[in-house]
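Please open the model in your viewer and keep the selection tool at hand.

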Amino acid sequence: MNSSGPLLIRGGFLYPADDRERVIPDGAVLVEEGRIAAVGGTTEVEAALTDRPRTIEASGKLILPGFVNPHWHDMFATRFPFKGALRDPSDREDRPAFMALGGDIQRISMMFDSFCAKIDLLGPDEAAAIARYSMWTQLRSGVTTLGDVGSFNRPEALAAAARELGMRCVVSTWASDAVCAPGESRFRRTRDADVVLGRVESLLDTCAAERGGLVRARPTSVYGVNMTDELGAGFAELVARYDVPFATHLGALRNEVEVMRTYYGATPVRRFAELGLLSDRFMAVHCAFADEDERKLLAEANAHINFSPAKYGPAGESSLTETGAMPEFRRRGLDLSLSTDGAPMPVGGMAEAMRAVWQTFNEMSADPTEVRPTDALAMATRIPARGLDWAEEIGSLEVGKQADLLLIPATDWRYLLNPRPLEGFLALGGSMDIDTVLVAGRVLVEGGRPTCFDEHDVEADYLEALAAFSVRCLGVDPDLVAAHTRRAQRAVRSD
């Protein structure tokens, strides 16, 4: 299905996710040269055809724009040291981790800063294999565009994987130049801010020369507690000079506010405002713990707020219910988008994030119209595309835009006699229901399988790279790694 020439997707239940939030029960999309040439009712689109193009019959399927995940991290190189892969299946000794109970901010700060040196130990082939696998898990779950906010991987490996897989990615660096160490009351500088900024600038230059249209770059701060004022001011200068968006984790955890005030002299949002970073190009990730004046600052700047509702409960974060900030930001007119975040193990995808926001916001307000199904879809497509400054090309199915779209079967018992299948998908569907994924008109996933590579090869390469890096650089017991890797390889071969 990847040959050249026009492509018609016809007969599906079409949700374009445009500003009009249209719903077209018998819809069609015509693709020419990777872009949408026509979109609307099947009869209307077909009436304008002069020749019969290649056709995908979408009867009984939802047609949605590709999901845009603007806050993601490739953390799959850390699968063994974080113990997730090493736990016994019968282990029920769950304990609150470092992001639970308001957050162990000093521990988070120390851990995040330590990642910088470890990322540099990844060999190029290891980084490439891990990036391919991590990004494939996103593409398989319907994400056609990723926004990296710092990954435990080399940004050049993420960019190369995006090109190889055929998906879009806004790459970044893991940027940290300070820690807030336990028992201290002032930040400790860990590296030269100019060196960190130099890496970001080099990445911006490289991606500015990108010809394929799949890869862009933006500066990001992995966390305010890991950023000196010099680094923050340098970020602001790069954002202005390169005219790019900026993203950071901000006000994510209850205990962050006091730690930021103690170690840096200002609460999180105020500090970013003072450094000149708060603007309509600013993406505040999580951002639940902002006081009233800080919320006003965000609203006045028309900042973009992003959150990951499907991830919070398992991590022990209370970014939705404790302060109720997210619905309030939306009522103030700010762009509010969904994302998955990242972890060493797979977390809820964009489909699960849509369900979480649809259910949680409506429950919090005792109003089932607070977030409608089409609102949840917009928060996973059109709105995050704006946050990545990519809305002119992606995020909705409109004439002239890139043909990034999904097909999702909607004919089984979950959808029987339901005239609103998107609602049925949010209620009982999920990432594994994604059947077909197109990026720029290319069919990259069909029947839940990749069309351009062998999924088992990608998994096998990942396991080999993960094992080598975990033993060589992270100090994980080689016998444990070998035993778990062999078990996983047998599972891959038997699939």
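How do the residues of the lining of the largest pocket divide into nonpolar, polar and charged? The lining comprises 24 nonpolar, 8 polar and 10 charged residues. Please note that this is a predicted model.

To find this pocket, select Phe-82, Ala-97, Phe-98, Ala-315 and Pro-344, which lie nearest its centre among the 42 lining residues. Two elements, α2 (105–119) and α10 (309–315), each give two or more residues to this lining. Colour α10 next: its 5 residues form the largest share of the lining. The volume of the largest pocket is about 1300 Å³.

Now colour the chain by its domain assignment: domain 1 covers 7–65 + 396–450, domain 2 covers 68–388, and domain 3 covers 455–492. The C-alpha centres of domain 1 and domain 3 are 38 Å apart.

Proceed to the second largest pocket, with a volume of about 770 Å³. Select Phe-76, Arg-79, Tyr-133, Thr-137 and Pro-346, the closest to its centre of the 37 residues that line the pocket. Elements giving two or more residues here are α3 (124–140), α16 (455–474) and α17 (478–494), and α3 gives the most, with 6 residues. Domain 2 and domain 3 each supply at least three residues to this lining. By class, the lining has 18 nonpolar, 13 polar and 6 charged residues.

Finally, select residues 63–443, where UniProt, in an unreviewed entry, places the feature "domain: Amidohydrolase-related". Over residues 63–443 the chain is 40% helix and 15% strand, with the end C-alpha atoms 14 Å apart.

Note on methods:
Residues numbered from 1 in each chain as written. Predicted model: local features only at pLDDT ≥ 70, side-chain atom pairs only at ≥ 80, totals over all residues. Heavy atoms only, no water. Domains from an automatic or database assignment. UniProt positions renumbered as here; feature names shortened; annotations may be inferred. Helix = DSSP H or I, 4+ residues; strand = E, 2+ residues; numbered from the N terminus. 1 Å grid on protein atoms, 1.4 Å probe; cavity = no way out; pocket = protein on both sides within 12 Å on 5 of 7 lines; lining within 4 Å. Points joined across faces, edges and corners; volume = space filled by probe spheres on them. Nonpolar A, V, L, I, M, F, W, Y, C, P; charged D, E, K, R; others polar.
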